[in-house]
Amino acid sequence: MDTLLTADIAANAPRYRRKSSTFIDGIHDVPEDGDMAPAQLYSTMSGRLFHSGRIAIVMVGLPARGKTHIAVSLARYLQWLGVKTRIFHLGDYRRATVGQGGHVPEDYFYPNASPASVVLRQKILKKCREDIYGWLNHENGQVAIYDAVNPTASGRRSLAKEFAKHDVQTLFLESYVDDENLLRENARNVKIGSPDFANMDPNEAAKLYLERMETKIPTFETMDEKELNYIKMINAGQKFFYNNVSFNYLSHRIVFYLTNTHIKSRATFFVRPGTATEEESYKADAPLSEEGRKYAKVMTETVIKHREQERASRTTESAPEVPLRPLAVWCSTRMRTLQTADVFQDLGYKVRQRSQMAQINPGVCERLSERAIRRLYPDEVEKHELDPYHHRYPRAESYHDLAVRLEPIILELEREQNDLLIIAHESVLRVLYAYLMHCSTMDIPNLKFPRNEIIEVIPSAYQNEAKRIHIPGLDPRTVPGSPEDIRIPVPDSGADTPAPLPGGGLSAPAVPPIFVEKPPEKVVNTAAEAVKDRITDED
């Protein structure tokens, strides 16, 4: 295989930069030129924001320390804000160079490696860095995240000097883990899908993997270079140190985000509140109807049962008696969400009210039918059809306004270490789901969250996973999409409900559901399936 692969072939190949749908985490997609990010406040001719120039974030740390997880999470947040960010996984370049089924030499990571290993290593490093410079210089990139081990102080100093020659500011980010339990959990969650560990106890497999890495990478020097800009996260954010990080606003924004994130495993559930007595009114803070109260009870039972089943499966596959993670419940201050959450509160779960999670304001369109909106505001409908994400009707909010309003919630969502259930209006769920799954602005207004489903999102190293959990036995009248949504553009047929997304998606069924219990259904590829060639990665 040609080792001098171009950036388009190597870094952007479908194998490494997948084209997503609304159901596949799109963090590794290459965005279309000119696309505005969901929470982007302004744009510039260069495409660079905050007057911050170009920054290279260099990951540092041994395998199974969560480097890639942190890099992907940071890229997701920066891209959400509109900062042109791209991740360069060195492992992608190594796999492209050695070819499918190829293996790197055993001494590849050794300081005193053989000449052949040194040549291979330098060739891979050279190609990756050329692509970084090409992206920053010729594609107006702003933040390049270089995901590799970078184990020695001398190598990091040389790298900082090299980036400085290209007028690129360098920020090193080390993930340092000395907590054995956390190490084993990271290795068990990401690294032990190799055939070498087939039919082994996951804990034993994780231990064996970590021992192999200590042999393969015998020399690692934790960051202590006083002259460099660096951040050190210890034990997934338990402690946090930074040195010399004072060169611009964006660097401080990055530090602030990192103080709110972690790599511990947890699940986030999205669910609609029950139906209210005045379902069509935004201004009227109506209580739950009788059907809504029944829904709240069944939904609560479904969530609790699903979490117990997940715990039982983890107990079977790993150590005995895996404890059930605590569950936090967030809801807006609207009456219907509060009363839906009351069932959880009565069972002893902690419920937090979040005023920022109020539904999108429909403005003058409240209580108007779609035909009436088209008749009364034809110019606004035309604008909405062109850009349903950024357009706002008179005295209303746009989805962009909602995304900006929800930024404090997004940061708290990143900080949350327990399992989390979010009970909110469909418009709020669309934006929060889009953040975690990196959906485009054109997809967000069309995402559907029917009441007979709970959507579960599980953070993973390379891409997030999602499941659709069916709520059994609901009255069909509680299932259709919320009539409070402004469903524009209006279908020419005058149909009340828009067509579902391709492939079924997150849309409500067109016929009344049959009251049968369904197993949880995955709506995206799992990380293990999508990146199965990375599972023994040493980077």
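A residue is called buried when its relative accessible area is under 20%, and because the value for Cys 439 is 6%, this residue counts as buried. The model discussed here is predicted. Cys 331 is likewise buried, since its relative accessibility is 0%; the structure as a whole holds zero disulfides.

| Cysteine | Relative accessible area |
|---|---|
| Cys 331 | 0% |
| Cys 439 | 6% |

Spanning residues 153–165, H5 has 13 residues and extends 19 Å between its first and last C-alpha, which is close to the expected 18 Å. Its buried residues are Ala 153, Arg 156, Leu 159, Ala 160 and Phe 163. Viewed down the helix axis, these buried residues of H5 fall within an arc of 120°, and therefore they line one face of the helix. That buried set packs against strand E1 (55–60), helix H4 (115–138), strand E3 (143–147) and strand E4 (169–176), whereas the face turned away from the buried side carries the exposed residues Ser 154, Lys 161 and Lys 165. Just after H5, Asp 167 adopts a positive phi of about 60°.

Searching the whole structure gives four cavities of 30 Å³ or more, and the largest cavity has a volume of about 80 Å³. The residues that line the largest cavity include His 69, Ser 73, Arg 76, His 262, Arg 266, Glu 414 and Asn 464. Helix H2 (residues 67–81) gives the most to this lining, with three residues.

Notes:
Residues numbered from 1 in each chain as written. Predicted model: local features only at pLDDT ≥ 70, side-chain atom pairs only at ≥ 80, totals over all residues. Heavy atoms only, no water. Disulfide = S-S within 2.5 Å. Buried < 20%, exposed > 50% of the residue type's maximum accessible area, 1.4 Å probe, protein only. Helix = DSSP H or I, 4+ residues; strand = E, 2+ residues; numbered from the N terminus. Expected span 1.5 Å × (residues − 1). Arc of directions from axis to C-beta. Contact = heavy atoms within 4.5 Å. 1 Å grid on protein atoms, 1.4 Å probe; cavity = no way out; pocket = protein on both sides within 12 Å on 5 of 7 lines; lining within 4 Å. Points joined across faces, edges and corners; volume = space filled by probe spheres on them.
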